[in-house]
Amino acid sequence: MTQRVLVTTSYLKPGGEVDQLLSDAGFETVFTTPAQREADRTPLSDLVRDADGIVAGTDAFTADVIEAATRLKVFGRCGVGYDNIDLDAATRCGVAVTYTPGANRRSVAEHVLALMLNCARLIPQNIASVRAGRWEQRSGRELDGAVLGLVGLGSIGKTVARLALSLGMRVLAHDPYLDQGFLTETGVEGRTFDEVLAEADFLSLHIFLDDSTRHLIDAAALRKVKPGAFLINTARGEVVDEEALAHALENGTLAGAALDVLAEEPLPLDSRLRGFDNVLVTAHIGAATEQARSRSSLMAARQVIDALRGRSPGNLVNPEHAGPACR
């Protein structure tokens, strides 16, 4: 029987390079998007029943969905985060979970730089002013000489650091596992979490979401942030307590924020964050470049192929997955 791979990554289409790769490897492919499922009224749990592998996007693969996928052997998650997959359920059901670290490193880092420049030079506010018929020349600030504080110094954080250093910024970083060789090579300065908060003119987050990082940037943390700083989040929305952020913006603790990720996406119409002209929100596009999407999706597809052919896939999150204990 031909093995079937379900592709849920919204930007991947039939006939594209991932479809071709999987088809050439002998697999049947089925593509689905949230919009299609909504139009067809087809729940994800129905589509996964006949899937042997899944090239996964940001859909929520809950325990119920995973347990319905009785043939499933592997998730190939396009991206550096996999918190949308119930890892405990996948492991319990004997399903391998892989991800694609590094594939979107440059794209996200460049987006962080773009957000910093927009914040520093008040570009969104200036564009809005000109469109409204005004001609205001408000003073921004140069990045040269400014302090960038990084919370998390993995592959994306390191790339952001190099870009910032090339612009003359001083870079501080907090990470439980600081790469001392990288610090020595680049001049990035290792600091405690509180020191980064207190010294950064631009505070950029590059951490995974788990129980230890959920609402890491809360009211207490925001009270420690340098007055007049900007917060940039391209990591995971729930790392930031958005109510506390709104309060810090309201009372002037922060000069502004630039968010590519949110606790709820799309941003709710009644979100308090919509009321601030110094909050820049982009629609989770940090990794949305043609190059990054190609690298990530092909990597995920190859990992699915390896797992279905009995080989150990790269970037395996749960090597302890053993057998279908939930089946």
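Arg 41 lies in the loop between helix 2 (34-40) and helix 3 (44-47). Helices (H or I, at least four residues) and strands (E, at least two) are DSSP runs, numbered from the N terminus. Phi of Arg 41 is near 55 degrees, a positive value in a residue other than glycine. The model is predicted: local features need pLDDT of at least 70, side-chain atom pairs count only at pLDDT 80 or more, and totals for chains, interfaces and linings use all residues. Residues are numbered from 1 along each chain as its sequence is written, and side-chain values use heavy atoms, with hydrogens and water left out.

**Backbone exceptions**

- Most residues other than glycine have a negative phi, and most peptide bonds are trans.
- Arg 41 counts as exposed, at 78% relative accessibility. Buried means under 20% relative accessible area, exposed over 50%, and partly exposed in between (1.4 Å probe, protein chains only).
- Leu 122 also has a positive phi, near 55 degrees. Leu 122 sits in the loop between helix 6 (105-121) and helix 7 (123-131).
- Leu 122 is buried, with a relative accessible area of 15%.
- A cis peptide bond runs from Glu 265 to Pro 266, with omega near 0 degrees. Pro 266 belongs to the loop between strand 11 (254-259) and strand 12 (279-281).

**Helix 13 and its neighbours**

- Helix 13 covers residues 290-308, 19 residues in total. From first C-alpha to last, helix 13 reaches 27 Å, close to the 27 Å expected at 1.5 Å a residue. The expected span is 1.5 Å times one less than the number of residues.
- Among the buried residues of helix 13 are Ala 292, Ser 296, Ser 297, Leu 298, Ala 300 and Ala 301.
- These buried residues of helix 13 pack against strand 1 (4-7), helix 1 (17-24), strand 3 (53-56), strand 4 (74-77), strand 5 (96-98) and helix 6. Contact means heavy atoms within 4.5 Å.
- Just after helix 13, Gly 310 takes a positive phi of about 85 degrees.
- Val 18 is placed in helix 1 and counts as buried, at 2% relative accessibility.
- Val 18 touches Leu 12, Ser 297, Leu 298 and Ala 301, not counting residues up to four places away in sequence. Of these, Ser 297, Leu 298 and Ala 301 are buried residues of helix 13.

**Aromatic pairs**

- The structure holds 4 aromatic pairs. Rings of Phe, Tyr and Trp (its six-membered ring) pair if their centres lie within 6.5 Å; planes under 30 degrees apart count as stacked, over 60 as edge-to-face and the rest as tilted.
- One of the pairs is Tyr 82 with Tyr 99, edge-to-face, at 5.2 Å centre to centre and 70 degrees between the planes.
- Tyr 82 lies in the loop between strand 4 and helix 5 (87-92), and Tyr 99 in the loop between strand 5 and helix 6, so the pair ties together parts that are 17 residues apart in sequence.
- Tyr 82 is partly exposed, with a relative accessible area of 23%, whereas Tyr 99 is buried, at 18%.
- Ring pairs link Tyr 82, Tyr 99 and Phe 208 into a cluster.

**Phe 193**

- Phe 193 lies in helix 10 (residues 193-199) and counts as buried, at 18% relative accessibility.
- Phe 193 touches Val 151, His 174, Leu 216, Ile 217 and Ala 221, not counting residues up to four places away in sequence.

**Cavity and pocket**

- On a 1 Å grid over the protein atoms alone, a cavity is a set of points where a 1.4 Å probe fits but cannot get out, and a pocket is an open set with protein on both sides within 12 Å along at least five of seven lines; lining residues have an atom within 4 Å of a point.
- A search of the whole structure finds 1 cavity of 30 Å³ or more. Its lining includes Asn 233, Gly 237, Val 240 and Glu 242.
- The second largest pocket holds about 330 Å³ of space. Grid points are joined across faces, edges and corners, and a volume is the space filled by probe spheres set on the points.
- This pocket is lined by 18 residues, of which Pro 124, Gln 125, Arg 138, Asp 277 and Asn 278 lie nearest its centre.
- Helix 7 gives the most to this lining, with 5 residues.
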